[in-house]
Amino acid sequence: MEMNGVGWLAAIIIGGLAGWLAEKVMKSDMGLFMNIILGIIGAVVLNAILVALNIGILGVGWIAYLITGFIGACILIWVGRLIRR
């Protein structure tokens, strides 16, 4: 099974990188495991949002997965902050 043109191991590594980048940009403090989760779930959430808006996915491959994961993780961090208020 592949995820947006990348394998599961690559999805974990790229998701961790995307989550880490989002953590730095959004100035949040999370650990490695949470960065991986944010990156992977962020990519899935943003892809679902884009498909629901009839835009489609951003592309296939690790760069597209990194960009999608980063934007999705930023959205998840933002929503988490809204809920905590």
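At what angle do helix H1 and helix H2 pack, and how far apart are their axes? The close-ups below, taken from a predicted model, start there.

**View 1. Helix H1 packs against helix H2.** Helix H1 (residues 8–25) and helix H2 (residues 32–52) pack at an angle of about 100 degrees, and their axes lie 6 Å apart. Angles of 65 to 115 degrees count as roughly perpendicular, so that is the description for H1 and H2.

**View 2. Here are the residues where H1 meets H2.** On the H1 side, look for Ala 11, Ile 12, Gly 15, Gly 16, Ala 18, Gly 19, Trp 20 and Glu 23. Their partners in H2 are Asn 35, Ile 36, Gly 39 and Ile 40. The residues of this contact comprise six nonpolar, five polar and one charged.

**View 3. Nine residues form the largest nonpolar core.** Its members are Val 6, Ala 11, Ile 14, Ala 18, Ile 36, Ile 40, Ala 43, Tyr 65 and Leu 66. At least two residues of this core come from each of H1, H2 and H3. A second, separate core has six residues, among them Ala 22, Met 26, Ala 73 and Ile 77.

**View 4. Leu 66 has several contacts beyond its sequence neighbours.** With residues within four places in sequence set aside, Leu 66 is in contact with Ile 14, Leu 17, Ala 18 and Leu 21.

**View 5. Arg 81 sits in helix H3 (residues 62–84).** Its relative accessibility is 29%, so Arg 81 counts as partly exposed. Not counting residues up to four places away in sequence, Arg 81 touches Met 26, Lys 27 and Ser 28. Trp 8 is 73 residues from Arg 81 in sequence and 29 Å from Arg 81 in space, C-alpha to C-alpha.

Methods: Residues numbered from 1 in each chain as written. Predicted model: local features only at pLDDT ≥ 70, side-chain atom pairs only at ≥ 80, totals over all residues. Heavy atoms only, no water. Axes fitted to C-alpha atoms, helices over the stretch in contact; angles between N-to-C directions. Helix = DSSP H or I, 4+ residues; strand = E, 2+ residues; numbered from the N terminus. Parallel < 35°, antiparallel > 145°, perpendicular 65-115°, else oblique. Contact = heavy atoms within 4.5 Å. Nonpolar A, V, L, I, M, F, W, Y, C, P; charged D, E, K, R; others polar. Buried < 20%, exposed > 50% of the residue type's maximum accessible area, 1.4 Å probe, protein only. Core = buried A, V, L, I, M, F, W, Y, C linked by side-chain atoms within 4.5 Å.
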